Amino acid sequence: MNDRPRTVYAPPPRTRILAECERRGRGAVVDGCIALLAGADDRDASLIAVLGGPAASWALDPEEGGPHSSRWYWVRVWAARGLLWAWDDRAASTVVRALADPQWRVREMAAKVVARHVVGEALTAVTVLRTDPIPRVRAAAHRAVVALTAAGA
């Protein structure tokens, strides 16, 4: 018999987000992602838990988390990732603003959202990001530019 503890894996983000869309409605999930990506201070703890999965535990801890935590930018990353799977065009302007976020992981995820959903109004911003100092942001921006130009956006 194996005495090692079993590792329990959480469902992947896409699965969690789509399930949350079924539970509360796609529009409510999109609204929550928009608010979190824009930097809303009022926390929707259940949405943050869905978006971040097990990694979100620190963000929900009143002593460790919250908008004043140095790691709070992760909530913006997770919110942008949520928009990969739960999209509405009304999120476009928030995603475009996120392309200028001071945290590179937010910029990278926002560029991925732009590419997936062909957010045409982001073309100028992702073109600029092709010179970002972070290679992963440059790569995501390049993919977004390719997707936008291929779609004639």
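Me: Leaving aside its neighbours within four places in sequence, which residues is Val 114 in contact with?

Reply: Contact here means heavy atoms within 4.5 Å, and by that rule Val 114 is in contact with Val 95, Leu 99, Val 119, Ala 122, Val 126, Ala 144 and Leu 148. This is a predicted model, in which local features need pLDDT of at least 70 and side-chain atom pairs count only at pLDDT 80 or more, while totals for chains, interfaces and linings use all residues. Residues are numbered from 1 along each chain as its sequence is written, and side-chain values use heavy atoms, with hydrogens and water left out.

Me: What makes a set of residues a nonpolar core, and which residues have the most contacts inside the largest one?

Reply: The name is given to a set of buried Ala, Val, Leu, Ile, Met, Phe, Trp, Tyr and Cys residues joined through side-chain atoms within 4.5 Å, where buried means under 20% relative accessible area, exposed over 50%, and partly exposed in between, with a 1.4 Å probe and protein chains only. The largest such core has 46 residues, and Leu 83, Val 114 and Val 126 have the most contacts inside it. Helix α5 gives the most to this core, with 8 residues.

Me: Why is Cys 33 called buried?

Reply: Its relative accessible area is 0%, and since the limit is under 20%, Cys 33 is therefore buried.

Me: How do you know that the length of helix α2 agrees with its number of residues?

Reply: Helices (H or I, at least four residues) and strands (E, at least two) are DSSP runs, numbered from the N terminus, and the expected span of a helix is 1.5 Å times one less than its number of residues. For the 12 residues of α2, residues 26-37, that gives 16 Å, and the end C-alpha atoms are 16 Å apart, so the two agree.

Me: Why is Arg 107 called buried, and what does its side chain join in a polar contact?

Reply: Arg 107, in helix α7, has a relative accessible area of 9%, so it is buried. A polar contact is a pair of N or O atoms within 3.5 Å; within protein, one must be able to donate a hydrogen and the other to accept it, and residues adjacent in sequence count only if both atoms are side-chain atoms. The side chains of Arg 107 and Asp 132 are joined by such a contact, of 2.8 Å.
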